[in-house]
Amino acid sequence: TEGLDDPQKNANFSHIFKISVLANEASIEEVDNVAIEETAANDLERLNKNAGFQVSTRGGGKETIPGTSTPEDGKKAKTDIPKGTGDPLEIALLSFAHQLDSDIYEDHKKLERELHDPFDSETMVMGTISKEAEGHYVAGKGSTEAILSRSKKIQVGEEVRELTQEDRETWKKKDNELANSGLRVLGFAYKNTDTLPEGDEAEDFLYELTFVGLIGFIDPPLKEIAGAIEICKAAGIKVVMVTGDHPGTATNVGQQVNLIAEGKPEKAPVLHGKHLQAEFEKEDNQKLLDTRIFSRVDPGQKLQLIEHYQEEGEIVGMTGDGVNDAPALKKADIGIAMGKRGTQVAQEVSDIVLMDDAFGSILQAIEQGRIIFGNIRRFIIYQLSYHLAEIIIIAIISFGLFILPILPLQLLFLNLLSDVFPALALGIGEGSPKVMQMPPKDPKESIVTRKNWMQIGLYGLIIAVSVTGAYLYSHYIWEESEEINNNIAFFTLAFCQFLHVFNMREANEPMFNNQVTRNKFIWMALGLCFSVVMIFYFTPVLAEVLSFQRLSVREWGLILIAAFIPTLIMQLIKFLKRKSRRKN
């Protein structure tokens, strides 16, 4: 483990450095100088964490590689932090190599690439062949198990010898130790060849390699992921991790994000890809349904998992970024591709492309979807209920007294206001803050359920009874003229419809602080509607068009009382429902 601050002083590390640069699809851009604020005493530890590497170059040894040198005088150091494009893991390798020795880094980058074997989720390796002054250099990296299976020799310092079974077990053990500590681990191997592979060999040239060591990457999940997982649980959304990573790495990450409980893996077992087929063939699939983490899974198994969940009646949303993810993304009910690091193939077959590659964006989309659906449902309930009330009012009075209680032009004018402004304001509400605490909607459920139809009937009946009552009271008790009775029916119905918008809150929301009362567009729409009605009432020419009459104080009193009664009754019903739910 000596010489890990200089790739030229350690043969193993020299090859790891070289492979990191050559077997790499990422690129780094311009470099900005960034001052490190720690003193020399703390400099090494902080840089180790920032660089995110733990490098093993001998059987049992492990050293953490600093990203820069420590000044002897204790002053602040400076390091170059490159920005890059591509897979974050490969960007980290290039950044690490560039920071450690930019001259050697540039020398390696100048080598001509002759062949390339891209990463494959099935083989779990990738590699390149580069032209050197004498011969060709084969660089390979991938999962430790896959790299070891393709290696015949091992580099130990300056010595290259046969890779024994004991060596393989030692390195697999080291791989498990690093993975169980939460690191993502890659194995590195190389070989020198005089001839360039041709034909079938050119398609898969990573064989008979010389194993040189491992790199463990610190790849912690974003802090907000744990909170997002909790939101998913509250919303009835089951999150499952399907990854090609080592089971130890996957378990560690799963515990960090609260996907599984630390120390209680039996409640959410981690299932290795090699055991998946046996589980698919079992009649009892409960273990699959309980599993929250699937490790070392290949693209074909991802597709099988999606089909399994769909057969169980689940609505499946899958995230992916690679070419190999395309079939599963297409098969999923909702394919979600990464916009930054996702391939074009993955993006084309997906239903959604995340421009920020953030898990939180998926939750925001779900939340907005629930809000939009709820707004549409309220919009429909609102309109159907007061239109039903209009039908009942006209039917009762017309067939009972053979008098038209509301004139056609008045009805058209009223519907023009109610159908446009309050209804549209309902459609752009921000929704309830607790929308992500509600269970998912049954996909087979219609937009207007049986319960909603009962609400529509109840709302329409209450409004109709109130308006009809006001009309009949004026007709029989006060014995007013037909024109006055008509106006009382019109204004009562108009104010009932405007106020009815407040009945569109959920029963579990407070009466005065809910998604309807917090919607500024509702207040603007109501203000506009009341203003337009009053303008027509007080403007003689317009009043004449709608047959408006001058009403007395007692008549306005009757209108206001009758208009508020439906809203008060409906709010009382919702209050009692909310109180009943709290008791239960």
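I took two rings of Phe, Tyr or Trp as an aromatic pair if their centres lie within 6.5 Å. The model I looked at is predicted.

**Aromatic pairs**

I found 20 aromatic pairs in the structure. One of them joins Tyr 382 and Tyr 386, edge-to-face, with 5.0 Å from centre to centre and 75° between the planes. I placed both residues in helix H15, 4 residues apart, which is about one turn of the helix. Tyr 382 and Tyr 386 are both buried.

I then looked up Tyr 537 and Phe 538, which also form an edge-to-face pair, at 4.9 Å centre to centre and 80° between the planes. Is Tyr 537 buried or exposed? Tyr 537 counts as buried because its relative accessibility is 3%, under the 20% cut-off. Phe 538 has a relative accessible area of 53%, so I noted Phe 538 as exposed. Both belong to one aromatic cluster, whose members include Phe 413, Phe 490, Phe 548 and Trp 556.

**Helices H15 and H17**

I went back to H15, residues 359-401, and checked it against H17, residues 450-477. Their axes come within 7 Å and cross at roughly 40°, which means that H15 is oblique to H17. I noted the crossing of H15 and H17 as right-handed. The contact of H15 with H17 has 19 nonpolar, 7 polar and 1 charged residues.

**Sheet E14-E15-E16**

I looked up an open sheet of 3 strands, ordered E14-E15-E16, with parallel pairing. Its edge strands are E14 (317-320) and E16 (352-354), each pairing on one side only. From one strand to the next the twist averages 25°. I found 4 bridges joining E14 to E15, residues 334-338. Thr 319 stands opposite Ile 336 in E15.

Methods: Residues numbered from 1 in each chain as written. Predicted model: local features only at pLDDT ≥ 70, side-chain atom pairs only at ≥ 80, totals over all residues. Heavy atoms only, no water. Axes fitted to C-alpha atoms, helices over the stretch in contact; angles between N-to-C directions. Helix = DSSP H or I, 4+ residues; strand = E, 2+ residues; numbered from the N terminus. Parallel < 35°, antiparallel > 145°, perpendicular 65-115°, else oblique. Left-handed = near helix turned anticlockwise from the far one by under 90°. Nonpolar A, V, L, I, M, F, W, Y, C, P; charged D, E, K, R; others polar. Pairing = 2+ DSSP bridges. Phe/Tyr/Trp six-rings, centres within 6.5 Å; stacked < 30°, edge-to-face > 60°. Buried < 20%, exposed > 50% of the residue type's maximum accessible area, 1.4 Å probe, protein only.
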